[in-house]
Amino acid sequence: MASEDVKTSESAVSTIVNLAEEAKLAREGVKAPGPALLSICKSLVAGGVAGGVSRTAVAPLERLKILLQVQNPHSIKYNGTIQGLKYIWRTEGLRGMFKGNGTNCARIVPNSAVKFFSYEEASKYVLAFHPDILSIGFQQGILWFYRQQTGNDDAQLTPLLRLGAGACAGIIAMSATYPMDMVRGRLTVQTDKSPRQYRGIAHALSTVLKEEGPRALYKGWLPSVIGVIPYVGLNFSVYESLKDWLLKTNPFGLVEDNELGVTTRLACGAAAGTVGQTVAYPLDVIRRRMQMVGWKGAASVVTGDGRSKAPHEYSGMVDAFRKTVRHEGFGALYKGLVPNSVKVVPSIAIAFVTYEVVKDVLGVEMRISD
């Protein structure tokens, strides 16, 4: 009985000490560590909202880019960034600026949620090399396998393996959401003058499946996959080169404690992303054009309002390249590049600012509710 009394007393003392510590933390305004799941959900929600807000903010530029990519060369309606935006506003109003954005957000929000969560966790892993590449999971798996093969528990991935992990992650993520992207392309270019109207995401998906078959949802998939390789490769090399140069030269005092600040890393990421997108851009144009093939009652932007020359039909990626260059010149492979480049920096900046704001808001709400 005595031993039981001692244990009870020790338990009571321990409980009192714990309560005292919690009260002290509360008085000092320090929040005790919460469940990991709650923190993960908070980051995922903030990341999803950030992705949706940033995409919506640049939606007019995104829509104009696609219109420039696929419009019939014999019936030019959109001729440059400023003129194109004015034409959309004049002919379709505010709704026209954001046409197709709902589908884009449905595709981007879950992707962005995981991306920002990965970015948040990146500082815990030496192997994470770029905040815009969803490859942490792949890198961890490859790192584990690499260490098993080498027998070295301290081994780190080589740049080539990290690059491969990023490419694999990009290809799988793109393939998983590709039907949504294909449908978004068609929803984006249809106007009030289109002979037939998709009423939304579900209607567009069901119509394509019924009239063109399941394979139609992956039209343009091959150039998308090929485009991932130079995009990821240049992202990696340009980002790492810029980072190394800044760390060595320290221009304008950007380096603190041998580390780059968040803003500087974001600027490096934006520059790397712009270079990667520019080099892989012709593949994006071909992808969009292939997505329009076989569309019954296609949008007037694609058909040219029924004028003398119909849009080209492509039998595959090589045929699309050949016909585009032959009939429109090499410059056609870069149609829409200007609005695409203009939206890169504000999109990234808005995404990260929104992410931090939403995280702060969720943090305040969680503290109040607790």
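How many helices and strands make up the secondary structure of the protein? The secondary structure comes to 15 helices and 2 strands. The model is predicted. Of the 370 residues in the protein, 43% are buried. Among contacts between residues at least 6 apart in sequence, 73% join residues at least 24 apart. The legends below describe close-up views.

**Figure 1. Helix 11 against helix 13.** Helix 11 covers residues 262-292 and helix 13 covers residues 317-328. The two pack at an angle of about 100°, with their axes 10 Å apart. Angles of 65 to 115 degrees count as roughly perpendicular, so helix 11 is roughly perpendicular to helix 13. On the side of helix 11, the contact is made by Pro282, Leu283, Ile286, Arg289 and Met290. Helix 13 contributes Met317, Ala320, Phe321, Thr324 and Glu328. By class, the residues of this contact divide into 7 nonpolar, 1 polar and 2 charged.

**Figure 2. Helix 8 against helix 11.** Helix 8 spans residues 178-189 and packs with helix 11 at an angle of about 75°, the axes being 10 Å apart. That angle makes helix 8 roughly perpendicular to helix 11. From helix 8, the residues Tyr178, Asp181, Met182, Arg184, Gly185, Arg186 and Val189 take part. They meet Arg287, Arg288, Gln291 and Met292 in helix 11. The contact of helix 8 with helix 11 has 4 nonpolar, 2 polar and 5 charged residues.

**Figure 3. Helix 3 against helix 11.** Helix 3 and helix 11 pack at an angle of about 75°, with 9 Å between their axes. Helix 3 is therefore roughly perpendicular to helix 11. The residues of the contact divide into 5 nonpolar, 1 polar and 4 charged.

**Figure 4. The kink in helix 4.** Helix 4 runs over residues 81-97 and has 17 residues. Its end C-alpha atoms are only 13 Å apart, whereas a straight helix would reach 24 Å at 1.5 Å a residue. Helix 4 has a kink of about 105°, centred on threonine 91. Its buried residues are Thr81, Gly84, Tyr87, Ile88, Glu92, Gly96 and Met97. The cover over these buried residues includes helix 3 (59-70) and helix 14 (337-342).

**Figure 5. Leucine 337 in helix 14.** Leucine 337 has a relative accessible area of 18%. Buried means under 20% relative accessible area, so leucine 337 is buried. Leaving aside its neighbours within four places in sequence, leucine 337 is in contact with Thr278 and Tyr281. The C-alpha atoms of leucine 337 and proline 282 are separated by 9.4 Å, although the two residues are 55 residues apart along the chain.

**Figure 6. Threonine 263 and threonine 264 in helix 11.** Threonine 263 is exposed, with a relative accessible area of 65%. Threonine 264 counts as buried, at 12% relative accessibility. Apart from its neighbours within four places in sequence, threonine 264 is in contact with Leu246 and Leu254. Threonine 263 and phenylalanine 352 are 89 residues apart along the chain, and their C-alpha atoms are separated by 9.8 Å.

**Figure 7. Alanine 349 in helix 15.** Helix 15 covers residues 344-369. The relative accessible area of alanine 349 is 37%, and the residue is partly exposed. Alanine 349 and leucine 266 are 83 residues apart in sequence. In space, C-alpha to C-alpha, alanine 349 and leucine 266 are 8.0 Å apart.

**Figure 8. Asparagine 250 in the loop between helix 10 and strand 1.** The loop joins helix 10 (221-249) and strand 1 (255-256). Asparagine 250 has a positive phi of about 50°, although it is not a glycine. At 32% relative accessibility, asparagine 250 counts as partly exposed.

Key: Residues are numbered from 1 along each chain as its sequence is written. This is a predicted model: local features need pLDDT of at least 70, side-chain atom pairs count only at pLDDT 80 or more; totals for chains, interfaces and linings use all residues. Side-chain values use heavy atoms; hydrogens and water are left out. Axes are lines fitted to C-alpha atoms, for helices over the stretch in contact, and angles run from 0 to 180 degrees between N-to-C directions. Helices (H or I, at least four residues) and strands (E, at least two) are DSSP runs, numbered from the N terminus. Angles under 35 degrees count as roughly parallel, over 145 as roughly antiparallel, 65 to 115 as roughly perpendicular and the rest as oblique. Contact means heavy atoms within 4.5 Å. Ala, Val, Leu, Ile, Met, Phe, Trp, Tyr, Cys and Pro count as nonpolar, Asp, Glu, Lys and Arg as charged, and the others, Gly among them, as polar. The expected span of a helix is 1.5 Å times one less than its number of residues. The bend at a residue is the angle between axes fitted to the seven residues ending there and the seven starting there. Buried means under 20% relative accessible area, exposed over 50%, partly exposed in between (1.4 Å probe, protein chains only).
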